[in-house]
Amino acid sequence: MISYCKVFQAFIWLMLFSSMSSYGQLSQKGTPLGLQEGKKERLSIPDLTVMPAVNHIKLMAEDQIQDTIVGIPYRFGNNIAVNYNPHNSGQWDYFDDGSRLWRMGIHSEGAVSINLAFDKYHLPVGAKLYVYTPDGKSVIGAFTHLNNQEDGFFATTLLMGDEVIIEYFEPADVDFTGEINLIRVTHGYRGPGKLLTKSFGGSGSCNLNVACAEGQGWENQIRSVGMLVSNGNGFCTGALINNTRNDGKPYFLSANHCYGDPSTLVFWFNWQSETCENPTEIPLHDAMSGAVNKARHETSDFWLVELNQSIPEEYNVYLSGWNRT
């Protein structure tokens with residue numbers, strides 16, 4: 001049996017930090033047209049759609065109480081409901097070969113980070129979706145038809161800053177017109193750990209960096225641990241677990257108090273320190289989006305989901321064992 005402390009809490013030290021530098025979400029590599037030299041100059045300039053103001057002071061006051069409560073997710077953001085798509089927002093650019101490009105900007109004043117959720121995401125082969133900061137320092141994507149899910153939902157990991165550009169490119173010869181509809185913008189008003197009282201050393205002696213000596217012998221199980229972005233605005237932890245068929249299904253076990261819409265869950269793997277000392281910069285991580293609910297129970301506080309897609313081999317994750325005790 002795997003120790004809850006050693007596995008589920010392996011990443012908690014990271015909650016001490018208030019910023020992230022870089023990350024990767026399941027995608028194809030590439031550069032958005034809006035960032036390509038020699039091409040971006042010929043594109044229209046996307047207007048920035050301004051989000052409603054977020055009261056940081058009020059949220060922080062609430063967090064001073066909530067952060068002391070065991071058994072609730074750590075809230076880092078404020079969810080803003082929206083309804084934006086290529087039919088009612090943004091700008092189109094059309095090219096001589098029949099392809100086209102849609103872009104829209106999001107500005108949420110004072111946000112530390114921004115992450116997004118779509119309730120319609122259905123891309124044809126060849127189409128690409130990117131999300132990036134206007135300065136081009138942070139880019140996620142290209143997201144493609146490989147990110148299509150049966151329920152049509154899709155969510156992104158966090159981009160640091162208070163402005164992002166959404167860019168959708170569609171070739172001329174696609175089988176159908178792609179669909180994207182943005183339903184949620186999460187305004188991150190604090191990082192993964194600012195003001196957090198559930199931080200390293202605050203939840204028990206088991207909260208250690210995975211590279212510490214106490215982690216020896218648990219190297220495989222450490223690779224099963226993941227961070228969970230739930231409901232777009234909260235952090236939890238959990239672990240990938242094996243099943244008796246040993247067929248590699250990506251089951252992820254977390255806590256029922258972390259429950260949120262499984263369609264828009266974002267999973268972070270390999271988010272860990274290389275040494276026992278807390279690093280001066282936030283490490284890289286690998287991300288995935290979307291799952292389906294399998295089982296959960298309030299009394300025993302467990303929640304089991306299955307990721308919608310197979311985890312890439314290069315993520316080098318591990319499915320931990322378990323028993324009924």
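Guide: E62 is partly exposed, at 25% relative accessibility; here buried means under 20% relative accessible area, exposed over 50%, and partly exposed in between, with a 1.4 Å probe and protein chains only. The model is predicted, so local features need pLDDT of at least 70 and side-chain atom pairs count only at pLDDT 80 or more, while totals for chains, interfaces and linings use all residues. Residues are numbered from 1 along each chain as its sequence is written, and side-chain values use heavy atoms, leaving out hydrogens and water.

E62 takes part in a salt bridge with R75, at 2.9 Å from N to O; the term requires a side-chain nitrogen of Lys or Arg within 4 Å of a carboxyl oxygen of Asp or Glu. This pair links distant parts of the chain, since E62 lies in helix α2 and R75, 13 residues apart from it, in strand β3 (residues 74-75). Helices (H or I, at least four residues) and strands (E, at least two) are DSSP runs numbered from the N terminus. R75 is buried, with a relative accessible area of 17%.

K58 also forms a salt bridge with E62, and their closest N and O atoms are 2.7 Å apart. The two residues are 4 apart in helix α2 (residues 56-66), which means about one helical turn separates them. K58 is partly exposed, its relative accessible area being 48%.

These contacts belong to a network of salt bridges that links K58, E62, D63, D67, R75 and R190. Across the whole structure, the search finds 8 salt bridges.
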